[in-house]
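Subject: Structure handover

Hello,

Here is the structure I promised to pass on. Please open it alongside this note. My findings follow below it.

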Amino acid sequence: MKIYFVNGSPRKKWNTGTVLKKAAEGAASQGAETELVNLYDLKYKGCVSCFACKMIGGKFHGKCAQKDDLTPILEKLSAADGIVFGTPIYFYNITSGMQAFLERFFFPYDLYSREIVSGYTQKIPSGFIYTMNMSAESMHKAGIDTNVKAGQLFAEEILGMKPEVLYVNNTYQFSNYSKYESSKFSETEKAVYKQAQFPIDCQKAFEMGQKIAEKNLREK
Ligand SMILES: Cc1cc2nc3c(=O)[nH]c(=O)nc-3n(C[C@H](O)[C@H](O)[C@H](O)COP(=O)(O)O)c2cc1C
């Protein structure tokens, strides 16, 4: 069983990277082999609307025709047993790197066919982890949880199972708040929250990883 963890943060070892690592540990505890993909190490673009993936009888039918650093990753993901997508929230939404990746990953499997809903050959569990500066209350008010729904809806349709979702709020943005203009925030409050809540969020991520591995075993 191979489960992939896709990091849509440019900071590989920060909040998103840390919770994804915990999710990977959870999956590994259930016997899964895990692999982390750092999107910001790769050079790639989003979908360019060439529609080669929809061309009847075409060489790339059901596959992305663009060739770049994402090509071998998409090939690997075509045989995944589970995928966890992790992204920070930028401007109330997923990062541009994650958005471009999701276009390239999901769109070729969206066959535009009345008969076949998904070109992805197996049913696999997935999860989305979002990390952000805002509190849970501000996140709901700003509609971030609504903005990020598209990825979850595509995951459900293409991968065939409703994804798990985890929001990690009120994250630490800098290692040292005194070095940066940040008078909008109280570092003391952030530190208190981080100490109390971040370990809980890491545990939830671990449990998500476990659950995804367990769901995969049940599917087989
Ligand atoms: C360009 C940019 C835009 C951001 N926009 C938001 C936002 O709209 N809402 C929010 O809550 N946090 C926002 N943040 C904060 C990040 O989402 C938050 O610090 C996140 O946990 C960073 O993840 P990382 O530590 O894995 O890099 C933004 C950060 C950056 C750099």
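How many of the residues of strand β1 (residues 2-7) are buried? The count is 6 of its 6 residues, and the strand is mostly covered. Buried means under 20% relative accessible area, exposed means over 50%, and partly exposed lies in between (1.4 Å probe, protein chains only). Helices (H or I, at least four residues) and strands (E, at least two) are DSSP runs, numbered from the N terminus.

Some ground rules before the rest. This is a predicted model, in which local features need pLDDT of at least 70 and side-chain atom pairs count only at pLDDT 80 or more, while totals for chains, interfaces and linings use all residues. Residues are numbered from 1 along each chain as its sequence is written, and side-chain values use heavy atoms, with hydrogens and water left out.

β1 runs parallel to strand β2 (residues 33-38), and 6 bridges join them. Two strands pair if DSSP finds at least two bridges between them. Asparagine 7 has asparagine 38 in β2 as its bridge partner. Between β1 and β2 the chain passes through helix α1 (residues 15-29), and this β-α-β crossover is right-handed. That term means a clockwise path from the first strand over the helix to the second, with the strands pointing away from the viewer.

β1 also pairs with strand β3 (residues 82-90), in the parallel sense, over 5 bridges. Here tyrosine 4 stands opposite isoleucine 83 in β3.

**The cores**

The largest nonpolar core has 33 residues. Such a core is a set of buried Ala, Val, Leu, Ile, Met, Phe, Trp, Tyr and Cys residues joined through side-chain atoms within 4.5 Å. Phe85, Phe101 and Phe105 touch the most other members of the largest core. At least two residues each come from β1, α2 (70-77), β3, α3 (96-106), β5 (126-131) and α6 (149-159). Helix α3 gives the most to this core, with 6 residues. Apart from it lies another core, of 18 residues, including Phe5, Ala23, Ala24 and Cys202.

**Helix α3 and phenylalanine 105**

Why is α3 largely enclosed by the rest of the structure? Because 8 of its 11 residues are buried. They are Gly97, Met98, Ala100, Phe101, Leu102, Arg104, Phe105 and Phe106. The buried residues of α3 pack against β1, α2, β3, β4, β5 and α6.

Phenylalanine 105 sits in this helix. Its relative accessibility is 1%, so phenylalanine 105 counts as buried. It touches Leu74, Leu77, Ile83, Phe85, Tyr120 and Leu159, leaving out residues up to four places away in sequence. Contact means heavy atoms within 4.5 Å. Phenylalanine 105 and glycine 46 are 59 residues apart along the chain, yet their C-alpha atoms are separated by 9.5 Å.

**The ligand**

There are 16 residues around the ligand. A residue is near a molecule if one of its heavy atoms lies within 4 Å of it. Thr16, Ile89, Thr131, Met134 and Thr171 come nearest.

- A polar backbone atom of isoleucine 89 is 2.6 Å from an oxygen atom of the ligand.
- A polar side-chain atom of threonine 131 lies 2.8 Å from an oxygen atom of the ligand.
- A polar backbone atom of phenylalanine 91 is 3.0 Å from a nitrogen atom of the ligand.

Threonine 171 lies in the loop between β6 (164-168) and α7 (187-219). Threonine 171 is buried, with a relative accessible area of 7%. Beyond its neighbours within four places in sequence, threonine 171 is in contact with Asn15, Thr131, Met132, Asn133, Tyr177 and Lys190.

Most residues other than glycine have a negative phi. Tyrosine 92 has a positive phi of about 70°. Tyrosine 92 is in the loop between β3 and β4 (93-94), and at 41% relative accessibility it counts as partly exposed. Tyrosine 112 has a positive phi too, near 60°. Tyrosine 112 is in the loop between α3 and β5, and it is exposed, with a relative accessible area of 56%.

Best wishes

Conventions. Polar contact = N/O pair within 3.5 Å; in protein donor to acceptor, adjacent residues only side chain to side chain.
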